[in-house]
Amino acid sequence: MTEATMVAGSKSEQAYQAVKARIVEGTYTPGYRLVLGAIAKDLGFSVVPVREAIRRLEAEGLVTFERNVGATVAGIDPTEYLYTMQTLSIVEGAATALSAPLIDSAAVARARAVNQEMRECLEHFDPVRFTQLNQDFHSVLFEHCPNPHILDLVHRGWNRLASLRSSTFRFVPGRARDSVEEHENLLKLIETGADADAIEKAARLHRTATLDAYLAQTT
């Protein structure tokens with residue numbers, strides 16, 4: 001790999017992270033047109049790494065491309081959200097159950113510390129911060145999954161939800177407090193060596209409760 005290629009790759013990664021962050025945080029809202037030249041100028045890059053970044057985001061489902069329109073931020077499709085959350089509840093529940101025997105006390109302590117930050121976040125609710133902490137919490141629980149195929153499906157599900165991560169708890173702020181308590185329940189199940197079925201069921205119900213609250217607000 002040449003130095004020029006390494007630099008280009010670095011700029012492409014920077015552009016990807018920058019644009020993705022703006023989508024996740026809600027700066028670029030659904031339907032927002034992603035003008036490559038304007039983004040490149042804003043980031044101080046050429047158009048090439050920005051184009052590569054947009055292609056990655058399109059592959060992840062965060063960006064759509066239409067002829068004569070160009071690239072735009074993918075919209076929030078309630079049906080797609082429903083299917084993604086249903087799928088994620090199954091695969092993340094399985095991943096969490098498979099991870100449980102491999103989660104040591106240090107990992108439990110780390111997850112509990114994140115959950116405490118989430119609890120403190122409730123006082124002056126910041127849905128973007130809360131949602132990021134939520135992802136951090138669950139990552140501790142499912143990243144030990146020994147089945148790489150299931151873990152890949154979990155990551156794909158989270159990527160599909162990326163454009164909603166900043167807004168899900170904004171739509172259903174009442175779910176935030178319940179979510180924190182459900183997290184603690186999950187940790188207690190793991191700490192006490194509960195069987196895999198109990199852990200999987202708790203993880204699945206935790207995910208579907210957020211889906212049910214969201215759908216109740218939007219129907």
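Predicted model: local features only at pLDDT ≥ 70, side-chain atom pairs only at ≥ 80, totals over all residues.
**Exercise 1. Work out in what sense β1 and β2 pair, and over how many bridges.**

Step 1: Count the bridges. There are four between β1 and β2, and the pairing is antiparallel.

Step 2: Find a facing pair. F65 stands opposite A71 of β2.

Step 3: Check the connection. Three residues lie between β1 and β2, and the two strands form a hairpin.

**Exercise 2. Find out what phi N68 has, and where N68 lies.**

Step 1: Locate the residue. N68 belongs to the loop between β1 (63-66) and β2.

Step 2: Read the backbone angle. Phi of N68 is positive, about 70 degrees, although N68 is not a glycine.

Step 3: Most residues other than glycine have a negative phi.

Step 4: N68 has a relative accessible area of 80%; the cut-off for exposed is over 50%, so N68 is exposed.

**Exercise 3. Classify how helix α4 crosses helix α6, and list which residues make the contact.**

Step 1: Take the geometry. The axes of α4 (residues 78-99) and α6 (residues 127-142) come within 7 Å, with a crossing angle of roughly 55 degrees.

Step 2: Apply the classes. Under 35 degrees would be roughly parallel, and 65 to 115 roughly perpendicular; α4 is therefore oblique to α6.

Step 3: Name the partners. From α4 come E92, A95, T96 and S99, while α6 supplies H138, L141 and F142.

Step 4: Sort them by class. The contact of α4 with α6 has three nonpolar residues, three polar ones and one charged.

**Exercise 4. Decide where confidence is lowest and where it is highest.**

Step 1: Begin with the whole protein. Its mean pLDDT is 88, and 91% of the residues reach 70 or more.

Step 2: Compare the elements. Helix α8 (residues 168-171) has the lowest confidence, at a mean of 68, and helix α5 (residues 105-121) the highest, at 96.

Terms used:
Residues numbered from 1 in each chain as written. Heavy atoms only, no water. Axes fitted to C-alpha atoms, helices over the stretch in contact; angles between N-to-C directions. Parallel < 35°, antiparallel > 145°, perpendicular 65-115°, else oblique. Contact = heavy atoms within 4.5 Å. Nonpolar A, V, L, I, M, F, W, Y, C, P; charged D, E, K, R; others polar. pLDDT = per-residue confidence, 0-100. Buried < 20%, exposed > 50% of the residue type's maximum accessible area, 1.4 Å probe, protein only. Pairing = 2+ DSSP bridges.
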